[in-house]
Amino acid sequence: MDTLRFFGTCVILTWGRLRRQLWLLAGLALLCLLLPLGAGRVAEALLSRGVDFSGVTLAVAAPEGDGGAAMAEKYLGGMEDVAQYCRIAAMDYEEALEALEAGEVTAVLCLPEHFVQGVMTGANPDLRLIVSGDRPLESLLLLWVGQSASDILASFQSGVYAVLDLYRESPPPGLSWDQAVFDINYRYIALALDRALFFRLREVSATQSLPVPLHYSLSLLAYFALACAPLFMPAYGGDWLRFQRRLRGAGRSCAAGYFSGVSAAAGALTALLLPGLLAAGGGHPLALAGAGALMAAFCALFCALCCLAAGSAGRCGTLASLTALLSLALAGGIVPPVLLPASLGRLGWLSPVTWLRQLAAWPLGYEVPASTWACLALCAAGMTALGLALYRRGADRQEAAP
């Protein structure tokens, strides 16, 4: 009982030291309420509308008298999926280069002589693509389209060769070689034009498991809770640590002082997070309060570790802000998860913002993976042990200081 009273007294004293930060905490609470909600709605509007992309124009040039360019314009331009982003225009070689220089076309595709016949016979002559150095994004898009077309062509040609090998082994009566070559190429051309029948469209959310507004709102809430560590620096300052050293001489452990600071910070963070959680989600208030308390406890341990490791408010702010910003980016809180590089996307589960976001979404009916609970528990235990060791070392250092 005496230990509990002593701990309660330490919490009250810590709250008294944090009272000077009251206006900063109130301002941060207002920021946590308004900014995540606004950012979530803005992100939803941007990701739903997409970006303004006018498409590209590809000029196809072939030797004089060759009908390959006109055929490419007719068939490629008639493909609905290609026409959504690319316009095909048949031109003479010189005319196409002049249009490219004037910015009227994005790139020029130069077909070799007898290109169509070469494809049908399996020669697959090389193509030449001329792009403008001033438009790298469009050039990369055309490169991707060209590579995709090459993959399709290679797959179809392997099918053509397989059919022709069967023809050589056992030619059907009345079917000539030239007719067989024409028929099988025509069949694969028809398959290419109707290739949309082979795909099933599936809508994928840019933020994967959570709706866009909720994803960004909860991510920013977690970011602010992690980045506000300097506000709790008075609970880990020099004179307070000297007082804890003297209490150790009276037989009291530093654990009471450390956990009183964590408890006071957790209470302040709960009050900071709860309005934002209630505004962002539609779950039961008690369940949201429980999730907010768990988030606040984790963030309070993180804030204590940053304060004790940095030793000053300036260094603590830098350390906490950079760590929180890196966690936010890794969790897809800046760039949506589906747009992150694959290597970074696979590391998203290591981000504290990811854990806190999933924890905050738990009362709203979203599942929290077992790995998230394990990461939260292990990280909290590690931060507690390291923070307590730094707290004790800081108290010893302050007592030894002149």
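Here is a chat about a predicted model of one protein chain.

Q: Let's start simple. How many helices and strands does the chain have?
A: The chain has 16 helices and four strands.

Q: And what share of the residues counts as buried?
A: Of the 402 residues in the chain, 41% count as buried.

Q: OK, and the outside? What does the accessible surface come to?
A: The accessible surface of the chain is about 22100 Å². Carbon and sulfur atoms account for 63% of that surface.

Q: What about contacts in the chain, how many join residues at least 24 apart?
A: If you take contacts between residues at least 6 apart in sequence, 75% of them join residues at least 24 apart.

Q: Which residues are the closest to its centre?
A: Those are Gln-208, Ser-209, Thr-354, Arg-357 and Gln-358, out of 26 residues that line the second largest pocket.

Q: Which elements give two or more residues to that lining?
A: Helix 15 (352–361) and helix 16 (370–400) do. The largest share comes from helix 15, with five residues.

Q: How do the lining residues divide into nonpolar, polar and charged?
A: The lining of the second largest pocket has 12 nonpolar residues, 11 polar ones and three charged ones.

Q: You mentioned Arg-357. Where does Arg-357 lie?
A: Arg-357 lies in helix 15, and Arg-357 is also among the residues closest to the centre of the second largest pocket.

Q: Is Arg-357 buried or exposed?
A: Arg-357 is buried, because its relative accessible area is 8% and the cut-off for buried is under 20%.

Q: What is Arg-357 in contact with?
A: Skipping neighbours within four places in sequence, Arg-357 is in contact with Leu-210, His-215, Leu-218, Ser-219 and Ala-331.

Q: New topic: how many salt bridges does the count come to?
A: The count comes to one salt bridge. Arg-168 forms it with Asp-165, and the closest N and O atoms are 2.8 Å apart.

Q: How are Arg-168 and Asp-165 placed in helix 7?
A: Arg-168 and Asp-165 are three residues apart in helix 7 (residues 136–169), so about one helical turn separates them.

Q: Are those two buried or exposed?
A: Arg-168 counts as exposed at 52% relative accessibility, while Asp-165 counts as partly exposed at 39%.

Q: What about Leu-288, which helix is its place in?
A: Leu-288 sits in helix 12, residues 285–310. At 1% relative accessibility, Leu-288 counts as buried.

Q: And which residues does Leu-288 touch?
A: Setting aside residues up to four places away in sequence, Leu-288 touches Leu-274, Leu-277, Leu-278, Gly-283, Ala-360, Pro-363 and Leu-364.

Q: How many residues apart in sequence are Leu-288 and Pro-363?
A: Leu-288 and Pro-363 are 75 residues apart in sequence, and 5.9 Å apart in space, C-alpha to C-alpha.

Q: Last one: where is Ala-377 found?
A: Ala-377 is in helix 16. Ala-377 is partly exposed, with a relative accessible area of 49%. The C-alpha atoms of Ala-377 and Phe-298 are separated by 9.0 Å, and the two residues are 79 residues apart along the chain.

Definitions and conventions:
Residues are numbered from 1 along each chain as its sequence is written. This is a predicted model: local features need pLDDT of at least 70, side-chain atom pairs count only at pLDDT 80 or more; totals for chains, interfaces and linings use all residues. Side-chain values use heavy atoms; hydrogens and water are left out. On a 1 Å grid over the protein atoms alone, a cavity is a set of points where a 1.4 Å probe fits but cannot get out, and a pocket is an open set with protein on both sides within 12 Å along at least five of seven lines; lining residues have an atom within 4 Å of a point. Ala, Val, Leu, Ile, Met, Phe, Trp, Tyr, Cys and Pro count as nonpolar, Asp, Glu, Lys and Arg as charged, and the others, Gly among them, as polar. Buried means under 20% relative accessible area, exposed over 50%, partly exposed in between (1.4 Å probe, protein chains only). Contact means heavy atoms within 4.5 Å. Accessible areas come from the Shrake-Rupley method with a 1.4 Å probe; for residues, only the protein chains shown count as cover. A salt bridge is a side-chain nitrogen of Lys or Arg within 4 Å of a carboxyl oxygen of Asp or Glu.
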